[in-house]
Amino acid sequence: MPVKDTYNTGKTNPESAIYYCKECGNIIPLSKDERFPPCHGGAATWVNVGVAGVADKETIGISKQTPKSGLYLCVGCHAQVIPVARGNRTPPCGKCRKNTAWRLVISAE
Ligand SMILES: [Zn+2]
Ligand SMILES: [Zn+2]
């Protein structure tokens with residue numbers, strides 16, 4: 001597994017991706033050139049999970065049953081992350097409202 005990229009609060013984001021806070025586990029989508037925000041009331045270390053290889057490469061269309069519980073990212077807008085339990089059906093994206101697909105970015109199993 002490749003080394004995960006980590007960034008501290010205040011750094012400029014080099015690529016649009018999903019990040020989680022190493023300290024508290026908070027998940028955020030962040031666009032390229034945005035600055036990494038503080039979290040849990042202070043400076044945070046953000047870990048890239050969108051590109052780091054934690055994620056499954058496969059995508060799942062909407063209204064499909066998920067193979068695993070976890071956090072799913074909308075591949076249409078890259079701005080929505082939702083938790084879905086295994087066997088539940090994926091919803092349409094509430095942000096981009098496209099007939100989109102979801103990618104598992106963090107597995108809960
Ligand atoms: Zn945090
Ligand atoms: Zn979307």
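Which residue in S4 stands opposite cysteine 21? That would be tryptophan 46. This is a predicted model, in which local features need pLDDT of at least 70, side-chain atom pairs count only at pLDDT 80 or more, and totals for chains, interfaces and linings use all residues. Residues are numbered from 1 along each chain as its sequence is written, while chains are lettered from A and ligands numbered from 1 in the order in which they are written.

**The four-stranded sheet**

- Strands here are DSSP runs of E with at least two residues, numbered from the N terminus, and two of them pair if DSSP finds at least two bridges between them.
- An open, antiparallel sheet is built from 4 strands in the order S1-S4-S2-S3.
- Its edges are strand S1 (6–8) and S3, each of which pairs on one side only.
- On average, neighbouring strands of this sheet are turned by 35 degrees against each other, direction ignored (the axes are lines fitted to C-alpha atoms).

**Strand S2 and its partners**

- S2 covers residues 17–21 and runs antiparallel to S4, with 3 bridges joining the two; tyrosine 19 stands opposite asparagine 48 in S4.
- With S3, S2 pairs in the antiparallel sense over 4 bridges, and tyrosine 20 has isoleucine 27 as its bridge partner there.
- The hairpin of S2 and S3 has 5 residues between the strands, and glycine 25 in it takes a positive phi near 85 degrees.
- S2 is mostly covered, with 4 of its 5 residues buried (20 or more other C-beta atoms within 10 Å of a residue's own; exposed is 12 or fewer, partly exposed in between, with C-beta atoms placed from the backbone).

**Two loop residues**

- Histidine 40 sits in the loop between strand S3 (27–30) and strand S4 (45–48), and counts as exposed because it has 11 other C-beta atoms within 10 Å.
- Leaving out residues up to four places away in sequence, histidine 40 touches Cys21, Glu23 and Cys24 (contact means C-beta atoms, placed from the backbone, within 7 Å).
- Proline 67 is in the loop between strand S5 (59–61) and strand S6 (70–74), and is partly exposed because it has 14 C-beta neighbours inside 10 Å.
- The C-alpha atoms of proline 67 and arginine 86 are separated by 5.6 Å, though the two are 19 residues apart along the chain.

Terms used:
Two residues are in contact if their C-beta atoms, placed from the backbone, lie within 7 Å. Axes are lines fitted to C-alpha atoms, for helices over the stretch in contact, and angles run from 0 to 180 degrees between N-to-C directions.
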